[in-house]
Amino acid sequence: MNAARALWMVLSALLLALPGAGCSDAKDGGSDEEELGELSFVVSPPEGGQGQAMTVLLDASRSAFAFGETEVDFGEGVEVLSVTVEDGWTAIAEIQIDGGADTGARDVILSIEGRDTTLAEAFRVRSDSFEITPDNGKMGETLEVEIYGVNTEWQSGRTWVNFGDDIEVVSFTVLSETVAEATVAVAADAAPGWRNVWTEDGSHVVTLYDGFLVDRVAIAATWDPEDVDQGEVVEFTLIGRDTNFSNATGIRFYDGDYEMEDVVVDAITVIDSENLWGRMTVSNAAELGFRDVLVTTGEEGVMLRDAFEVMPGSVGLDEVAVSLSFNVVRGIDNGTGDIRESVNSQCIFYIPLDPGCPQSAEAAACSDGVDNDYDGYTDCYDTDCEQDLACAPSGPQPYDANVVIELRETGGDPHDCPTPQTVSAGDYVWLESPANVVTLVKNIDPGTGLIYYAPESALTMDDYVTDQWYDLHLQGDPDALPEEIIERIQPTVPADYELLTPQLWGNYSHDREEDFTFTWTPAQTYPDAILYSSIGGTTLVANDAPGSVATYPWDDGEWTFSSSELLQLNPNEVSFTLYSYIEGTTFGLKDSIYQSNLTESYIYLSGSMNLE
Amino acid sequence: MTPLLFTLALGCTPDQNFAERSIEMIAVAYGDFDAVELNLNRLEVPHQLYEGFISGPAYDEGPEDLDLISLEVEYLFTGETESEGRVLFLNDVVFVNSGTRGFGEYVYNGLDRDDGIVTDGVAIDNVREYVEDGGVLVVSDWAYELVEAAWPGQIEFFGDDTALDEAQAGSVGRYTARAGSDAVRDAVGDEVSVSYDFSYWTVIEAVASDVDVHLSADVLFRVSDSEGEGTLPDAPLLVSFEVGNGLVIYSTFHWNAQSAALADPLLTALVEGLPVAGAAEDTTEDTGE
C-alpha cells in the first residue's frame, strides 16, 4: 500500500471512530442476548379509527421476526388481513378495524415461532378518524384539501387542522361535523416525504399518521423587483419552475395570513407556462413591509414568501386634500327627556388613496356597464344586482312626498382599504369667523400614526355659531404644509331648532294605524340648507329587509308620516331623526391638485320610540 | 486501527468477467435522499464520507455534525493530490447517494441551478476513466444523471434523456419486483418488495443489451400534471453494466429505504468483495431464512 492510500485508510479509521460521522456498530451485531438488551416492540401508528383499513408497522428493537412464523392479533373487532415480515426488525400488518370495534387501548399479541409476546395497550381504537384528499403536494405549492371525518364533531371556530412544520394552513373551513376544507401552503423548503396531519378541538387531538406526502419536486417562482415604493407603478416579472401560467393566472398579495389590497395588479402578460410579466400599482398608502405573492392558475398555487418589500414613497405636498367638519349631535334621553349634546369639529390633511379603495368583484360587476354574466342584462337591469347598493332605490326628493325605502348594504365582501397618509399643518389650525374662533389641536394616533386636528376640550353651542362662514387657518409646519388661510369654506346651519312634539322619551309609543305628526321650531333652512327626517331602525313588512320612511319636509314646523306609510314598517323600537344640513363650497390648499374638497355642517337630533 | 483488506474477485458469476482486485478504499457521497452509508455502517464496511448535500438530509438519522465532514463531493470527482493524482482514483468503490448535489437542473426545493458536476467535463471524464480502469460506481435514484452523462447509451431513462431531471416520475409506494439475474435471485429470491420512500423517483424505460437487469417491476409513474399516473410494465429497478475493467450499478430505489433483509444481501451480491463483517448473515439466520 502506498503512502497516500495509507493516509486515506487512517482518515477512514478516524471517521469510523466519530459518532454520526462514519460507521457505527451494526444493529445488534453481537450474539449474546445479554449484550443485546431487552427485546421491545413498537407499533405504529399506535391508533386507528372505527371502520378504518390501515397498515401497521411493527418494529423490533433487535432481530426477532421470523419469516413465515410471525402472527399478530389486535383483538376482537380488528381483523388482521396479512402480516409481512420484511426482516428481523420489521413486520407489516394490514388490518381492518370494524365499525363497531370497542374503543380504547388494547393489547397486541405477537406470535413468533410459536412464542407469544403481549404488547400491553400497544394499540388504541378510537371512534373518530379522518382522511384527506389530495394527500400530497409539491414543495412551494399552495393547494386546497378536503377533509372527511368519521364520527367527528368538528365545529367552526373551534376545530383546526395542522400539517406540521413548513406547511401553513392558510384557511380552514368547517362545512359540517364531518366535512371540512383547508388551503395549505407548502413551504419551498419543506422536508419532502410523508408526515402526520392532525385535527384539534381544544385538547381533543386526532392524528392521521403519514397522512400527507410532500412531493420531492418544487413548484417555484421568482419575483422581480424586490423593492417597490408607495405610490409607484411597477412592472414585474415572474419566472416559474414547473408552473402552468396561462391566461387564467391570477396574482394576490398577502402580509402573513392577511390578504392585502393596497397593491393592485393592472395587467398580466403570460409569455409561456413559466414566464410572465405584468404591471401593478402600489397604493400611496400601502402598508410598509414585505408582501407574500400568491400566484394561482386553476388549482395550482405558488406562494412566494417575502417576494417584495414596500418602501416609503415620497410625500407630495401638492397632493394633499382636506377633510373638515363642524357639527352638532343631539340625542333625547329616554329616561329623563334631557338633551345630550356634543359639538364636534375635526380637520385632516391627507393624501387621497391612489388607486382608490377597491370594490368587491360583485359590486364592480353592478356598476361597470358590462353584461358580466352574459344574460343580456347590464348592471342594475340585471336581477343579480338587485340587492347591490349601486342599484338601491333613490331616497326622497326635497320637499316631495314621503318615501318608504329599503336600506341596502354594500355588495360582496368588505374590503380592507389602506389608511391614507396624513400630513402635518403645524400644531394648530383655526376655524375663524367674525363671530368667534375655534382652535383645533394636532393629535397623532399612536396606533396608526394618523395626524388629525380636534378641539383640546369639548366644544359647546357657544363655539358653534349659526349662520357663519369660517376661514380655515393653518399654523404651518416647516417640514410639511406651510401657513395658509383658506377663506369662507366652513359654513354652519342658518339657525338652531328644537323638536316640539312629540315628546320622545319615557318609552313613547306610536300606533302605526295613526298618522305620525311632528312639529319643530323652523330651522330657517330655505334656500341654502335643507331639513331631513326619518323613522328607521326596523324592517319592511314587504320583505323584512332593513327599511325606513324618510322625507325632506318643508321647513315650516310641522310634518306628517301617514299611517299607510308607517304600516309598511314592522313594529319595533325605532329611531326618529331630524336634522338640518348645509354644504360648503369646494376648496383646496393653494398648492394642491385637489381643489374639490367639500365641507358640511349639520345639527342632528335623534330620539327613540316604540312603533306598535 | 489496522485497515481491513479484503480480496475482491469481481466476476464470480458466470455472466461477469472482472479482473480480480481488492477493495481497500470506499467513498460515499452524502445525499439528501439516500443514505447507503447507513447500510455500510450496519455491515461494518469502512468508508470515507464526502459532503454532498443539496439542502440537508431528508431522511432520519442524518449526520449530527456536518462540520466534521471536511471533504466535499466536488473534490471527490475533480480533486487531485500532489503525490497521488486524482482523488477519485484512490477509491475502489464509489457510492453516489440520491440527492447528491451537482446532478440536477435545479435544486429540488428552489430555482438555483444544481448541475455543477454533471456539466463539468473533467468530472465526467474522470468518472468514465475511473470505471474503465476497474472502479466500481454505485449510483442511486436522482444521481442518475451521472450515469447518463458518462454512458448515455446504456440506460434509456424515462422522458428526454438530453434534458436534466426528466426521468423523475415514479410514484411513491411499494412495488413487488422480480429478480432478473442469478446473483440477485440467489441473494434475495425470485420476488422482493421494494420500497420507494419519496415520490418522483427515477424511472428506467429500457436498457442496452449489455446491461444486466437485476430487479424489475410494473411501476406507477406520473405521466404529467394533467394526465395523472400511468403504469410502466416490467420497468428495470436495479441494473448494472461493465465498462472496461469496472462496473456501474444503478438503483432506482434508495438503499437505506429497504429492509436489511433485502438491501444487505443485494449490496453484498452486486458489489462482490465488499468487506462485510457479517451482519447480513445474522439477519438471515434470525429471520429463519
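This is a predicted model: local features need pLDDT of at least 70, side-chain atom pairs count only at pLDDT 80 or more; totals for chains, interfaces and linings use all residues.

Modeller: Pro527(A) counts as exposed because it has 6 C-beta neighbours inside 10 Å. Residues are numbered from 1 along each chain as its sequence is written, and chains are lettered from A and ligands numbered from 1 in the order in which they are written.

Pro527(A) lies in the loop that joins strand S36 (516–520) to strand S37 (530–539) of chain A. Helices (H or I, at least four residues) and strands (E, at least two) are DSSP runs, numbered from the N terminus. Pro494(A) is 33 residues from Pro527(A) in sequence, and their C-alpha atoms are 9.8 Å apart in space.

Of the 612 residues of chain A, 31% count as buried. Among contacts in chain A between residues at least 6 apart in sequence, 64% join residues at least 24 apart; two residues are in contact if their C-beta atoms, placed from the backbone, lie within 7 Å.

Two examples show how strands of chain A pair, a term that requires at least two bridges found by DSSP between them. In one of them, strand S26 (residues 321–332) and strand S27 (residues 339–350) of chain A run antiparallel over twelve bridges. Within this pair, Val329(A) has Ser342(A) of S27(A) as its bridge partner. S26(A) and S27(A) form a hairpin with six residues between them, and Gly337(A) in the turn has a positive phi of about 85°.

The other example is an open sheet of four strands in chain A, with the order S17-S19-S23-S22 and antiparallel pairing. Its edge strands, S17 (220–224) and S22 (263–272) of chain A, each pair on one side only. S17(A) and strand S19 (residues 233–241) of chain A are joined by five bridges in the antiparallel sense. Trp223(A) stands opposite Leu238(A) in S19(A). In a regular strand the side chains alternate between the two faces of the sheet.

Note on methods. A residue is buried if 20 or more other C-beta atoms lie within 10 Å of its own, exposed if 12 or fewer, and partly exposed in between; C-beta atoms are placed from the backbone.
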